[in-house]
Amino acid sequence: MVLLLMFKLGIIFVVSAVWQQAHATFYGGSDASGTMGGACGYGNLNIDGYGIKTAALSTALFNDGKSCGGCYQIVCDARKAPQWCLKGTFITITATNFCPPNFALPNDNGGWCNPPRPHFDMSQPAFQTIAKYRAGIVPIFYRRVGCRRSGNIRFTINGRDYFELVLISNVGGGGEISKVWIKGSKKNQWESMSMNWGANWQSLSYLNGQSLSFRVQLTNGRTRTAINVAPSNWRFGQSFKSNVQF
């Protein structure tokens, strides 16, 4: 296995090959207000459990939204950019947005999120924990890690009759959702939902007037079941906190 030598607090330590190379930039302003919302469908990232330690992923990493909610540990590559990196500082971010390609610019000069480049457009506060503001762009190492969340999984129900569009947020563990099921209290079977966009999953059943339960499976296969999360008098536009977490 290829090993990478990195420096932390002046001490050499060894990192396994699960670390991969990429670059990082930043967006959203010094207070990260410009990062709210985004291609994963999360609204206020503070309410939805993600805060300001977030990033928009390039096409190579975003995977058509399947990477939404996933967590990555990032460290600046001080070997390549010693003048810009803050040595020994790591940060764990959550994927909450998509960094679109800019084919009018070359991959190595402005088109940072063009395929096939893996790239993280981090919130400005997150970026400044690993590198200096003036750098603009820095080489990094990154790896997938588990997500730690405060509180339990949250379900926000939008849509209309015969169309429930459910945003699933504040997901811990692996973070990335692979399958979702829904069940109304008047039904005996679980119904498979389909991903609509980002972290929004849809059902085409009439479930009004029923308490709703959800089953969520992550890409690592782990599954949690939240029974009667929404009461029978739920309304579109409401959010409900479950009693389960990964």
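Biologist: In what order do the 6 strands close into a barrel?

Modeller: This is a predicted model, in which local features need pLDDT of at least 70, side-chain atom pairs count only at pLDDT 80 or more, and totals for chains, interfaces and linings use all residues. Residues are numbered from 1 along each chain as its sequence is written, and side-chain values use heavy atoms, with hydrogens and water left out. Strands are DSSP runs of E with at least two residues, helices are runs of H or I with at least four, and both are numbered from the N terminus; two strands pair if DSSP finds at least two bridges between them. With mixed pairing, the barrel closes in the order 3-7-4-6-5-8.

Biologist: Which residue in strand 6 does Cys-71 stand opposite?

Modeller: Strands 5 and 6 pair in the antiparallel sense over 5 bridges. In strand 6, the residue opposite Cys-71 is Thr-94.

Biologist: Which strand gives the most to the lining of the largest pocket?

Modeller: A pocket is an open set of points on a 1 Å grid over the protein atoms alone, with protein on both sides within 12 Å along at least five of seven lines; a cavity is a set where a 1.4 Å probe fits but cannot get out, and lining residues have an atom within 4 Å of a point. The largest pocket has a volume of about 200 Å³, and its lining includes Cys-71, Thr-92, Ile-93 and Thr-94. With 3 residues, the largest contribution comes from strand 6.

Biologist: Which residues touch the most other members of the largest nonpolar core?

Modeller: A nonpolar core is a set of buried Ala, Val, Leu, Ile, Met, Phe, Trp, Tyr and Cys residues joined through side-chain atoms within 4.5 Å, where buried means under 20% relative accessible area with a 1.4 Å probe, protein chains only. Among the elements that each supply at least two residues of this core are strand 5 (71-76) and strand 6 (90-98). Of its 32 residues, those touching the most other members are Ile-74, Ile-93, Phe-120, Met-122 and Ile-140.

Biologist: What is the bridge partner of Phe-214 in strand 16?

Modeller: An open antiparallel sheet has the strand order 12-11-15-16. Strand 15 (residues 212-218) pairs with strand 16 over 5 bridges. The partner of Phe-214 is Ala-226.

Technical notes:
Buried means under 20% relative accessible area, exposed over 50%, partly exposed in between (1.4 Å probe, protein chains only). Grid points are joined across faces, edges and corners, and a volume is the space filled by probe spheres set on the points.
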